Amino acid sequence: TRSFKPLLLVVNKVDGAEPKQIAAMEAYYLSRLPRERVLAVHRVSALELSSMQKLLADMKANLPTGPFLYDPDDLSDSREREIAGDSIRQALLETLDWEVPHSTAVVIEHWREAEKKITIHASLHVERESQKPIVLGQGGQKIKEIRVRAQKDMWKQFGKPVKLSLLVKWTKNWREQPELVEALGY
């Protein structure tokens, strides 16, 4: 026998539709869903917080309880290297113009964790040779700013000081070559 899995029908963006359109959409989906499993219909709009709160309350009330899937002390299920890469990418976005961060791959080359400090060496792969001096900045100012921002963020994330070194590499058109995209971990 199949277990009963309750459904909540959610009609989104109701603020941009006519009542007749919303009613027609509800009827369409209700005619295709097993009616006995539909517990409620929620009309929601991100512009109307109360509609979202009702949906969340209904979801919480109907979700089954179960065992914890992760240790309660874990802040994330992401590996620390991924978190470090994300911190560096965020620092790139905050420091540089739009185009360059999105065409830069971050690769954690070395990771050494001691009791009181983490040492990380990462490479930043840019697509075009002209992007390398942009990432470095005049006199290395931009790369220093990226490093300092990322280190601060990682210190908060990991709870201990991080010594970060960054190396900028030109990897010609890396996004257009599937084998390079994979080799760089994307």
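These exercises work through charged and aromatic side-chain pairs in the structure above.

This is a predicted model, where local features need pLDDT of at least 70, side-chain atom pairs count only at pLDDT 80 or more, and totals for chains, interfaces and linings use all residues. Residues are numbered from 1 along each chain as its sequence is written, and side-chain values use heavy atoms, with hydrogens and water left out.

**Exercise 1.** Find how many salt bridges the whole structure has, then examine the pair Glu26 and Arg43.

*Solution.* 
- Step 1. Apply the cut-off: a side-chain nitrogen of Lys or Arg within 4 Å of a carboxyl oxygen of Asp or Glu. The search of the whole structure gives seven salt bridges.
- Step 2. Check the distance. Glu26 and Arg43 form a salt bridge at 2.3 Å, N to O.
- Step 3. Glu26 lies in helix H1 (residues 19-32) and Arg43 in strand E2 (residues 38-43), so the pair ties together parts 17 residues apart in sequence.
- Step 4. Judge accessibility: buried means under 20% relative accessible area, exposed over 50%, partly exposed in between (1.4 Å probe, protein chains only). Glu26 is buried at 13%. Arg43 is partly exposed at 43%.

**Exercise 2.** Work out which parts of the chain Lys160 and Glu113 tie together.

*Solution.* 
- Step 1. Take the distance. The closest N and O atoms of this salt bridge are 3.1 Å apart.
- Step 2. Locate both ends. Lys160 sits in the loop between helix H6 (141-158) and strand E5 (162-170), and Glu113 in strand E3 (residues 104-113), so the pair ties together parts 47 residues apart in sequence.
- Step 3. Lys160 is buried at 14%. Glu113 is partly exposed at 39%.

**Exercise 3.** Count the aromatic pairs and classify the pair Tyr28 and Tyr29.

*Solution.* 
- Step 1. Apply the rule: rings of Phe, Tyr and Trp (its six-membered ring) pair if their centres lie within 6.5 Å; planes under 30 degrees apart count as stacked, over 60 as edge-to-face and the rest as tilted. The structure holds two such pairs.
- Step 2. Classify Tyr28 and Tyr29. Their ring centres are 5.0 Å apart and their planes at 90 degrees, so the pair is edge-to-face.
- Step 3. Check accessibility. Tyr28 is partly exposed at 41%, and Tyr29 is partly exposed at 40%.

How values were computed. Helices (H or I, at least four residues) and strands (E, at least two) are DSSP runs, numbered from the N terminus.
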